[in-house]
Amino acid sequence: LHAQAAVDIARRSAARPLPPLLGQLGVVWRRLNEDETADAVIRSAIDMVDEDEQPELAVELLAQRATVLYYMARPEESMACLDRATAIDPAGAVEAGVPWRKAHLAFSFGISDALQAVAAEVLDGTDPLVTDLIRAMAAQDRGDFDTAVELATPLADSGQDTLLQGMLLLPLRASMVLIQVSAFRGSSDTIRARIASVDAYAEAVQTPAVRWRVVLSQLLLAHLTGHDETVEEHLRVLGSYGRARAETMRGYRAITALPLAWTGDSAALVSRADDASLPPAGADTCLNDLKAIAAARRGEDDPSVDLRMAAHGHSVMPPLNRAARALLAVHRGDTERAAEEIARLRAMGGPDTVPGVLADLATIHLDAVHPDVDPAALAARGADAADRVATLGLTRLEAWVARAVAQLLVDRDASAAVPLAHRAVDIAADL
């Protein structure tokens with residue numbers, strides 16, 4: 001009411017410049033979750049400003065509108081506002097937190113090219129801590145997990161709070177990177193170590209939704225472990241977050257659809273992608289990767305999967321994305337492509353992590369192309385890979401590794417395939 005009253009007085013008397021007051025009113029509407037109204041108000045303020053005469057104000061208003069558009073799940077328009085702000089006044093853009101806003105937007109909606117570009121050429125004057133965080137997020141997105149951990153760990157442990165967009169940027173955001181990388185590697189250790197600080201911040205600001213990426217990481221591991229009741233509980237928690245609108249983010253769409261992909265039902269995935277509440281299927285790589293996983297689970301190819309399409313680092317689960325693409329490449333006889341994906345997997349983690357095990361699984365399939373390969377040796381390697389997944393406690397993934405190698409061997413040497421098939425069936429029965 002006060003913000004609206006100030007705007008009304010300024011309209012009548014011209015006692016104060018109107019655009020800054022409209023900007024403040026728009027921010028209030030955004031905090032009240034009235035995003036359409038907020039966008040209309042801020043847009044009217046932008047139209048009143050001469051960019052040449054008031055570049056700082058123009059940049060600030062564009063940054064404010066970009067945040068509103070982010071919450072409205074309109075990432076392309078949001079990015080356009082941030083690009084326009086940077087073009088008007090690079091120094092002012094830094095002051096308004098544009099580099100971080102661009103990185104956060106790109107990371108959340110999986111716009112990998114933009115994220116990598118921001119990380120490669122961070123604007124001069126950006127806080128070095130923010131620069132390291134942006135680069136950690138970009139490293140995670142491209143699957144360079146070691147670099148992501150190296151950059152994010154000192155930020156998460158720094159104890160230095162940096163506020164941008166009213167949010168505690170450090171160490172909270174750095175902890176999110178560490179938590180997601182831990183989950184992608186198949187471990188809950190970092191989640192257990194970091195979740196107390198995340199929860200403390202969520203309680204302090206009365207915004208539980210800041211931990212939605214943590215819940216997604218937990219949901220992913222719960223699925224791979226076979227704890228379906230826990231998966232349902234995590235989904236209920238995510239559904240309670242409201243304003244966070246996690247369901248519009250690629251990570252939510254992808255990881256919550258993973259159980260469906262695991263059934264191998266590509267048709268159901270395509271049907272789900274038609275849901276109007278989700279980002280359009282053609283605008284991202286999420287559906288492509290989910291269909292690849294479904295096909296790999298069936299032990300078949302899916303001609304509709306594009307193996308050359310960019311695979312964003314957190315759109316589903318990078319190791320599963322890459323492993324599925326590698327297996328489909330083997331089906332298509334594209335051994336060079338399969339080898340590329342295997343190399344990416346090995347760069348994500350050592351032999352006792354999910355990426356390392358899946359790299360071995362894909363290598364077994366690639367080696368099986370040779371007619372003189374020993375089926376018993378392949379079976380032994382498959383059993384070893386399944387054992388390493390079992391050590392991680394990821395029962396459902398263990399069953400898939402055993403089953404995938406059994407399917408591969410059954411026409412070559414049934415006796416070598418049977419023990420692995422029994423292992424997969426026994427786990428399936430327990431689940």
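Helix H3 passes helix H4 in a left-handed crossing, where left-handed means that the near helix is turned anticlockwise from the far one by less than a right angle, and right-handed would mean clockwise. The model is predicted, so that local features need pLDDT of at least 70 and side-chain atom pairs count only at pLDDT 80 or more, while totals for chains, interfaces and linings use all residues. Residues are numbered from 1 along each chain as its sequence is written, and side-chain values use heavy atoms, with hydrogens and water left out.

H3 covers residues 35-48 and H4 covers residues 55-71; helices (H or I, at least four residues) are DSSP runs numbered from the N terminus. The two pack at an angle of about 160 degrees, and their axes are 9 Å apart. Such axes are lines fitted to C-alpha atoms over the stretch in contact, and the angles run from 0 to 180 degrees between N-to-C directions. H3 and H4 are therefore roughly antiparallel to each other, a term for angles over 145 degrees. On the H3 side the meeting residues are Asp 35, Ala 38, Asp 39, Ile 42, Arg 43, Ala 45 and Ile 46, and on the H4 side they are Leu 61, Leu 62, Gln 64, Arg 65, Val 68, Leu 69 and Tyr 71, contact being heavy atoms within 4.5 Å. By class, this contact has nine nonpolar, one polar and four charged residues (Ala, Val, Leu, Ile, Met, Phe, Trp, Tyr, Cys and Pro count as nonpolar, Asp, Glu, Lys and Arg as charged, and the others, Gly among them, as polar).

H4 also packs against helix H5 (residues 75-88), at an angle of about 165 degrees and with the axes 8 Å apart. H4 and H5 are therefore roughly antiparallel to each other, and their crossing is left-handed. From H4, the residues in contact include Pro 55, Ala 58, Val 59 and Leu 62, and from H5 they include Glu 77, Ser 78, Cys 81 and Leu 82. The contact of H4 with H5 has 12 nonpolar, one polar and three charged residues.

The structure holds three aromatic pairs, a pair being rings of Phe, Tyr and Trp (its six-membered ring) with centres within 6.5 Å; planes under 30 degrees apart count as stacked, over 60 as edge-to-face and the rest as tilted. In one of them, the ring centres of Trp 262 and Trp 400 are 5.6 Å apart and the planes stand at 70 degrees, so the pair is edge-to-face. Because Trp 262 lies in helix H15 (residues 250-262) and Trp 400 in helix H22 (residues 395-409), the pair ties together parts that are 138 residues apart in sequence. Trp 262 is buried at 7% relative accessibility, and Trp 400 is buried at 3%; buried means under 20% relative accessible area, exposed over 50% and partly exposed in between (1.4 Å probe, protein chains only).

His 223, in helix H13 (residues 212-225), is buried at 4% relative accessibility. Leaving aside neighbours within four places in sequence, His 223 is in contact with Val 231, Leu 258, Pro 259, Trp 262 and Arg 396.

Gly 356 belongs to helix H20 (residues 354-367) and is buried, with a relative accessible area of 2%. Not counting residues up to four places away in sequence, Gly 356 touches Arg 346, Gly 349, Gly 350, Pro 351 and Arg 388.

Terms used: Angles under 35 degrees count as roughly parallel, over 145 as roughly antiparallel, 65 to 115 as roughly perpendicular and the rest as oblique.
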